[in-house]
Amino acid sequence: MVPGMADLARQVGRRIAYYRQVRPAGRLSQERLAGRIGMSVSLLRKIERGTRPLPLRLLERVSRELGVQPHHLICAKRGQEEPHGRAMPMVEFILRRALSRSQVLALTDAVARIWDRCTER
């Protein structure tokens, strides 16, 4: 795993588990969330425990089902722990493995905007 990725994976997993329990539309079981986003329950459990990172291709689907913005899963709200400082290099590393250069640049710009929103004070 990329340095810092394990910490980020744990934070994202905790946030998914948290929002799954407190979402405005009502509690959502792991089984139901996994089914709605096209993921196995086993993988979702690993993600929530932080032993597997959330695939970026599923970030938007997960956040939509939980009723939160994607940046709420990636970074903390004000007053909670700070986002992990190595998130951007980790994201760039993952994206370079699966996407074309133009896709990486577009997505990196989008993630940078999310990051800026996370770190605003």
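Colleague: At what angle do helix 1 and helix 3 pack, and how far apart are their axes?

Modeller: Helix 1 (residues 5–22) and helix 3 (residues 41–49) pack at about 115°, with axes 6 Å apart. Helices are DSSP runs (H or I, at least four residues), numbered from the N terminus. Axes are lines fitted to C-alpha atoms over the stretch in contact, and angles run from 0 to 180 degrees between N-to-C directions. Before we go on: this is a predicted model, where local features need pLDDT of at least 70 and side-chain atom pairs count only at pLDDT 80 or more, while totals for chains, interfaces and linings use all residues. Residues are numbered from 1 along each chain as its sequence is written, and side-chain values use heavy atoms, with hydrogens and water left out.

Colleague: What do you call the arrangement of helix 1 and helix 3?

Modeller: Roughly perpendicular. That label covers 65 to 115 degrees; under 35 is roughly parallel, over 145 roughly antiparallel, and the rest oblique.

Colleague: Which residues meet there, helix 1 to helix 3?

Modeller: From helix 1, Ala9, Arg10, Gly13, Arg14, Ile16, Ala17 and Arg20. From helix 3, Leu44, Ile47, Glu48 and Arg49. Contact means heavy atoms within 4.5 Å. The residues of this contact divide into five nonpolar, one polar and five charged. Ala, Val, Leu, Ile, Met, Phe, Trp, Tyr, Cys and Pro count as nonpolar, Asp, Glu, Lys and Arg as charged, and the others, Gly among them, as polar.

Colleague: Is glutamate 48 buried or exposed?

Modeller: Glutamate 48 counts as buried, at 12% relative accessibility. Buried means under 20% relative accessible area, exposed over 50%, partly exposed in between (1.4 Å probe, protein chains only).

Colleague: What is glutamate 48 in contact with?

Modeller: Leaving aside neighbours within four places in sequence, Gly13, Arg14, Ile16, Ala17, Arg20 and Gln30. Glutamate 48 and arginine 14 are 5.7 Å apart, C-alpha to C-alpha, and 34 residues apart in sequence.

Colleague: Switching to the core. How many residues are in the largest nonpolar core?

Modeller: It has 21. A nonpolar core is a set of buried Ala, Val, Leu, Ile, Met, Phe, Trp, Tyr and Cys residues joined through side-chain atoms within 4.5 Å. Those with the most contacts inside it are Ile16, Leu33, Met39, Leu54, Val62, Leu66 and Leu73.

Colleague: Which helices supply at least two residues of this core each?

Modeller: Helix 1, helix 2 (30–37), helix 3, helix 4 (56–66) and helix 5 (70–74).

Colleague: And what does leucine 73 touch?

Modeller: Val12, Arg15, Ile16, Tyr19, Leu59, Val62, Ser63, Leu66 and Val68, not counting residues up to four places away in sequence.

Colleague: Now helix 2. Which residues are buried in helix 2?

Modeller: Gln30, Leu33, Ala34 and Ile37. They fall within an arc of 100° seen down the axis, so they line one face of helix 2. The arc is that of the directions from the helix axis to the C-beta atoms. Arg32 and Gly35 are exposed on the other side of helix 2.

Colleague: What do the buried residues of helix 2 pack against?

Modeller: Helix 1, helix 3 and helix 4.

Colleague: And which residues of helix 4 are buried?

Modeller: Leu58, Leu59, Val62, Ser63 and Leu66. Their arc is only 140°, which puts them on the same side of helix 4. Arg57, Glu60 and Arg64 are exposed on the face turned away.

Colleague: What follows helix 4?

Modeller: Glycine 67, with a positive phi near 75°. Helix 2 is followed by glycine 38, where phi is positive, near 75°.
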